[in-house]
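Work through the exercises below with the model open beside the text. Each task is followed by a solution in steps.

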Amino acid sequence: MVKSLEDLKRLKEEAQQSLALREGGEKVKVVVGMGTCGIAAGAREVMAAILDELEKRRLTNVAVTQTGCIGLCAQEPLVDVYLPGRPRVTYGKVNAQKARQIVAQHIVNGLPVAEWIINR
């Protein structure tokens, strides 16, 4: 509940940080499959975990977006990671815990999590 001007300013800053995580600085891009099949498999939780982990680590140079179904419904939820100068990496059957590890290992340290990568 907003009771003062300071509360309102704090809410504005939090909203701007959250928006910055989604729009990012174009250095790293993360795309979450949010088609009906992805949502049914837990893509919303995966998206929330990615955004939360990026916020905890204060990573503002990551653009997080969503896409529809790409036809690999059996592998949903799908997450694509684009690091500058590297090929796209697609992860399949991602859950919230895996999403957090992808942020830590792949986005922060540049080391893809090989066991969850699928070929497209």
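**Exercise 1. The cavity lining**

Task: Find which element gives the largest share of the lining of the largest cavity, and describe that cavity.

Solution. 
Step 1. The largest share of this lining, 3 residues, comes from β1. Strands here are DSSP runs of E with at least two residues, helices are runs of H or I with at least four, and both are numbered from the N terminus. The model is predicted: local features need pLDDT of at least 70, side-chain atom pairs count only at pLDDT 80 or more, and totals for chains, interfaces and linings use all residues. Residues are numbered from 1 along each chain as its sequence is written, and side-chain values use heavy atoms, with hydrogens and water left out.

Step 2. A search of the whole structure gives 1 cavity of 30 Å³ or more, and the largest cavity has a volume of about 50 Å³. A cavity is a set of points, on a 1 Å grid over the protein atoms alone, where a 1.4 Å probe fits but cannot get out; lining residues have an atom within 4 Å of a point. Grid points are joined across faces, edges and corners, and the volume is the space filled by probe spheres set on the points.

Step 3. The lining of the largest cavity has 11 residues, of which G33, T67, I70, L78 and D80 are the closest to its centre. β1 and β3 each supply at least two residues of this lining.

Step 4. By class, the lining divides into 5 nonpolar, 3 polar and 3 charged residues. Ala, Val, Leu, Ile, Met, Phe, Trp, Tyr, Cys and Pro count as nonpolar, Asp, Glu, Lys and Arg as charged, and the others, Gly among them, as polar.

**Exercise 2. Burial**

Task: Is A49 buried or exposed, and what does A49 touch?

Solution. 
Step 1. A49 lies in helix α3. The cut-offs are: buried under 20% relative accessible area, exposed over 50%, partly exposed in between (1.4 Å probe, protein chains only).

Step 2. A49 has 4% relative accessibility and therefore counts as buried. A49 touches A96, A99 and R100, not counting residues up to four places away in sequence.

Step 3. For comparison, 5 of the 6 residues of β1 are buried, and buried residues make up 38% of the 120 residues in the protein chain.

**Exercise 3. Backbone exceptions**

Task: Where is the peptide bond from E76 to P77, and what are the phi values of R58 and K93?

Solution. 
Step 1. Most residues other than glycine have a negative phi, and most peptide bonds are trans.

Step 2. The bond from E76 to P77 is cis, with omega near -5°. P77 is found in the loop between β2 and β3.

Step 3. R58 has a positive phi, near 55°, and is not a glycine. R58 sits in the loop between α3 and β2 and, at 65% relative accessibility, counts as exposed.

Step 4. K93, also not a glycine, has a positive phi of about 50°. K93 is in the loop between β4 and α4 (96–108); at 46% relative accessibility, K93 counts as partly exposed.

Definitions and conventions
On a 1 Å grid over the protein atoms alone, a cavity is a set of points where a 1.4 Å probe fits but cannot get out, and a pocket is an open set with protein on both sides within 12 Å along at least five of seven lines; lining residues have an atom within 4 Å of a point. Contact means heavy atoms within 4.5 Å.
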